[in-house]
Amino acid sequence: MESRRPRLLAVEDERDILDLLLMTFTAEGFEATGAEDGLSGLEKCVSLHPDILILDLMLPRLDGLELCRRLRHDGRFRQLPIIMLTARAEEADRLKGFETGADDYVVKPFSFKELVMRARALLRRSGAVVSGGDSGRREEAVMRFGSLEIDHAARRVTFKGREISLTATEYKLLYYLAGRPGLVVERGQLLEEVWGYQEDSYARTIDTHMRRLRQKLGEAEVYLETIRGVGYRFKLS
Ligand code: CA
């Protein structure tokens, strides 16, 4: 079966960034379309039915949060993977973004390479058809790394066919890291994303959970790498 190119819609009012987004994603095999304000973004969502949306937070006519909220209230777009672009100063808005239903966020100035990786990870999770992939929808809902399988629909982790029983937090930790294979994830980011904390004082929580997660994973713990003084990385062997 031939897989089509994934459709991407980028809504960004800074023309330079939008051009770079469209160029980058087109080069990466996406069918990329742009919109320069929130209302056009909404219209293009309806007409194009993108597989993934890159959404700037501050937009004319309709801001990113409101656009996100409207999409999530529309059954057709409830599952649409959304990556929000935010400026560093917009911390509070960024958190609101998650309540509104964005799946991920990237802080400006961002690395286009990382954005592409995150977009692909989200597409894999959503089970959308990804260009170059030869597996069907059912297969892509499950993340596989060698003998390690993470079935997100069932929240089930198996290694060499044996189920590994994880707590909800351990699962979220593993799932978050595995969704960004090869990327270093800072402890602060894990705290925010997995626990919802912002204070550094909770940093030891991560180490405790990570230790338990590693014990449970046994042999499969080789996938988890500690980046001393920074955070962790899901290693592709
Ligand atoms: Ca903007």
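I located I17 in helix α1, residues 15-27; helices (H or I, at least four residues) and strands (E, at least two) are DSSP runs, numbered from the N terminus. I noted that the model is predicted, that local features need pLDDT of at least 70 and side-chain atom pairs pLDDT 80 or more, while totals for chains, interfaces and linings use all residues. Residues are numbered from 1 along each chain as its sequence is written, and side-chain values use heavy atoms, with hydrogens and water left out.

**Entry 1: I17.** I looked up its accessibility and found I17 buried, at a relative accessible area of 17% (buried is under 20%, exposed over 50%, partly exposed in between, with a 1.4 Å probe and protein chains only). Setting aside residues up to four places away in sequence, I recorded that I17 touches E12, K108 and F110 (contact: heavy atoms within 4.5 Å). I also noted P109, which is 92 residues from I17 in sequence, with a C-alpha to C-alpha separation of 9.9 Å.

**Entry 2: helix α2.** I listed G38, S40, G41, L42 and C45 as the buried residues of α2, residues 38-48. I found these packed against strands β1 (7-11), β2 (31-35) and β3 (52-56) and helix α3 (64-72). At the N-terminal end of α2, I identified D37 as the cap, with a side-chain oxygen 3.0 Å from the backbone nitrogen of L39. Just after α2, I read a positive phi of about 50° for H49.

**Entry 3: H209.** I placed H209 in helix α9, residues 203-217. H209 counts as buried, with 15% relative accessibility. Beyond its neighbours within four places in sequence, I found H209 in contact with T169, E170, L173 and W195.

Key: A polar contact is a pair of N or O atoms within 3.5 Å; within protein, one must be able to donate a hydrogen and the other to accept it, and residues adjacent in sequence count only if both atoms are side-chain atoms.
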